[in-house]
Amino acid sequence: MAEEKKLNHEQEANPLLKQQPPQQPPKAEQTTEQQDRYLGWTADGLPISHGSVMGQPIPRSPWNSSACACLGQNDHFCSSDLEVCLLGSVAPCVLYGSNMERLHSNPGTFGNHCLHYSGLYVIGNSCFGWNCLAPWLSYHSRTEIRRRFNLEGSCEALNRSCGCCGSYLENEEQREHYELACDFATHVFCHVCALCQEGRELRRRVPHPGFNAQPVLVMIPPGEQTMGRGA
């Protein structure tokens, strides 16, 4: 044993032998700035990472139907689209309340949203002759839908169709400011069409909150048992 240790020590001290560098532990993988960058957020304020596997931003998807498609599409949601068109034309307060209840998935809040919208609707039509106050309340729903489902805004839609407004899309924060202004303008000038478009989009993406109710298991205690005497 002593001779082997001495031989190994001589081999290590021999300058003619090739010295092997000490092994270093592997470094942890470092995340790049593109992986940590968030280009959007949800309706609840949570960030959404739009980076793909290759590090390229994922484009936002278009709306299921345009604002001018009043009757919707000829699919299995056709009857629902007709209902949305009828509610938007006759009772926009009901359609707005239904949209907000479905968007927040909170059953029982339909009456609150519908009542607030109805108050602004009556005041606007009584004082100014047209529904000019309700869009100040309802345009937020369009912004929430666009952020939650990563839908493209008006600026991105114009850039995709005709190539304009491309300079506004370079900065994400600046783009969002323009999209907020476009959401408000859409509800002011095309209020009923905007409500119907949002209603069609929500009915295709979010089930009604009433369908998500969990069954309640009721435990019934057994009846009182008595011992009977035999005959």
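Arg142, Arg146, Arg147, Arg175, Glu176, Glu179, Asp183 and Glu198 are linked in a network of salt bridges (a side-chain nitrogen of Lys or Arg within 4 Å of a carboxyl oxygen of Asp or Glu). The whole structure holds 12 salt bridges. The model is predicted, so local features need pLDDT of at least 70 and side-chain atom pairs count only at pLDDT 80 or more, while totals for chains, interfaces and linings use all residues. Residues are numbered from 1 along each chain as its sequence is written, and side-chain values use heavy atoms, with hydrogens and water left out.

**Bridges between helices**

- Asp183 and Arg146 form a salt bridge, with the closest N and O atoms 2.9 Å apart.
- Asp183 lies in helix α8 and Arg146 in helix α6, so this pair ties together parts 37 residues apart in sequence (helices are DSSP runs of H or I, at least four residues, numbered from the N terminus).
- Both Asp183 and Arg146 are buried (under 20% relative accessible area, 1.4 Å probe, protein chains only; exposed is over 50%, partly exposed in between).
- Arg147 pairs with Glu176, the closest N and O atoms being 3.0 Å apart.
- Arg147 is partly exposed at 24% relative accessibility, and Glu176 is buried at 6%.

- Arg205 and Glu201 meet in a salt bridge (2.6 Å, N to O).
- Both lie in helix α9 (residues 191-205), four residues apart, about one turn of the helix.

**Lining of the second largest pocket**

- α6 (134-148), α7 (154-161) and α8 (172-189) each supply at least two lining residues (those with an atom within 4 Å of a point of the pocket's 1 Å grid, a pocket being an open set of points where a 1.4 Å probe fits, with protein on both sides within 12 Å along at least five of seven lines).
- The largest share, three residues, comes from α7.
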